[in-house]
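Subject: Structure for your review

Dear colleague,

Here is the structure you will be taking over. My notes on what was found follow below it.

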Amino acid sequence: MSKSQGSFEITLNPSGFIEEKYIGHQDELDVISGVSKLHYYSKKLSKQNKPVLILIDLSELGTTTAQARIEGIKTLRTLTYKRMALYGPLPSQVLANTLAFVAGKQNKVCAFGTRAEAICWLQQAGLAKNHARPNTKNI
Amino acid sequence: MQDPIQKTFNTAPPKLFRKKQILIYEGDPLSNIYYLAKGYVKVYNVLSSGADRVIFIYNPGDVFPMNSYLSRTASARYFYECLSDVEARLLPAERLAQYIKDNVQLGEALIKYTLDMNQLFLQRIDDLGVSGAKSKVVSLLSFLASRTSDTSVKRLTLDIPLRVQDVADMCGLTRETATIQLGELRDEGILDGHKKMTVDLIKLSKFSKIH
């Protein structure tokens, strides 16, 4: 089931991980809104005693405000998760990895160039078995 | 106020490296990050033909390989070689991570710096794709001028000590072709000097617009 709230989409993948996609320019409120959904799904999985694995698509991410980036750092610190993999073009990877370094979570958070690499890294946690995405041919 | 990147690297002692010394080999694990205090470092890869292809030149104040570090690449993508005697400050990657932790100002500075450098890399890759030997040399001179000196002046002397072979490597040309092209640019008044090249920026700009 997928919900769209303007500049982000969030899905609970049948394989058991949370998928979120950020689209276009992101300000503080956009990030807060996206993160509140992440918290919701994270709690839901935790209640079911399932590991929280998060996959974030930054392939259509636009610009971000400084305040949005600070919100991103707060999220990386406070959210409950086992691993978070992000993917997108190089500028988005640099952004995501730097925020992970600032949050001190570089061992749990990593950005990649492709969705396949990101899922492969999530799988290394040994927990996400089936990574097929509906209507995705190239995995 | 001191740049947060420079401030971070000032905690490391300076190290001296000789001209032509290779600091990082392609495929090396990213164990250290370098802050270039003095001198120039060229970034290149080796083509299947055996020729070097120079992709970039780092100036004093630059940090490398930052793009690889922040994209979490496990190993270096290129060779990094001293183009002159170099003074650099090295921070082990793990120690830099400790400095970045909880330091939003440093994080922001690194994001901006890395994205700016990424743009310059893309510009250089575009330059390498330019057709025509003279256009390649002119693109290189424009790039070097924008990187090394004050471009508000009419004529400027490039700070980087370059041999004809360096120009050839940076343009993907043979040494002979680079010599001919540099000679023609001197005849047209765009370029002056040999080891220390002086560029007429107005003529260079006119040439770039025409071609």
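Predicted model: local features only at pLDDT ≥ 70, side-chain atom pairs only at ≥ 80, totals over all residues.

Residues are numbered from 1 along each chain as its sequence is written, chains are lettered from A and ligands numbered from 1 in the order in which they are written, and side-chain values use heavy atoms, with hydrogens and water left out.

Cysteines

Cys82(B) is buried, with a relative accessible area of 2%.

The interface

Between the two chains, 20 residues of chain A are in contact with 17 residues of chain B (contact means heavy atoms within 4.5 Å). The buried area between chain A and chain B is about 1,600 Å², and carbon and sulfur atoms give 66% of it. Buried area here is the accessible area (1.4 Å probe) that two parts lose on being put together, summed over both.

There are 2 salt bridges between chain A and chain B. A salt bridge is a side-chain nitrogen of Lys or Arg within 4 Å of a carboxyl oxygen of Asp or Glu. One salt bridge joins Arg77(A) to Asp102(B), with the closest N and O atoms 2.7 Å apart.

Which elements of chain A each supply at least two residues of the side that touches chain B? They are helix 2 (66-78), helix 3 (90-103) and strand 6 (109-112). Helix 3 of chain A gives the most, with 10 residues. Helices (H or I, at least four residues) and strands (E, at least two) are DSSP runs, numbered from the N terminus.

Salt bridges over all chains

The count over all chains comes to 15 salt bridges. Asp57(A) and Lys21(A) form a salt bridge at 3.7 Å, N to O. Asp57(A) lies in strand 4 (residues 53-64) and Lys21(A) in strand 3 (residues 18-26) of chain A, so the pair ties together parts that are 36 residues apart in sequence. Asp57(A) is buried, at 5% relative accessible area, and Lys21(A) also counts as buried, at 16%.

Lys74(A) pairs with Glu71(A) in a salt bridge, the closest N and O atoms being 3.3 Å apart. Both residues lie in helix 2 of chain A, 3 residues apart, about one turn of the helix. Lys74(A) is partly exposed, with a relative accessible area of 42%, whereas Glu71(A) counts as buried at 12%.

In chain B, the side chains of Glu188(B) and Lys134(B) meet in a salt bridge at 2.7 Å, N to O. Glu188(B) is in the loop between helix 7 (175-187) and strand 10 (191-192), and Lys134(B) is in helix 5 (residues 133-148), so this pair links distant parts of the chain, 54 residues apart. Glu188(B) is partly exposed at 38% relative accessible area, and Lys134(B) counts as buried at 16%.

Regards

Conventions. Buried < 20%, exposed > 50% of the residue type's maximum accessible area, 1.4 Å probe, protein only.
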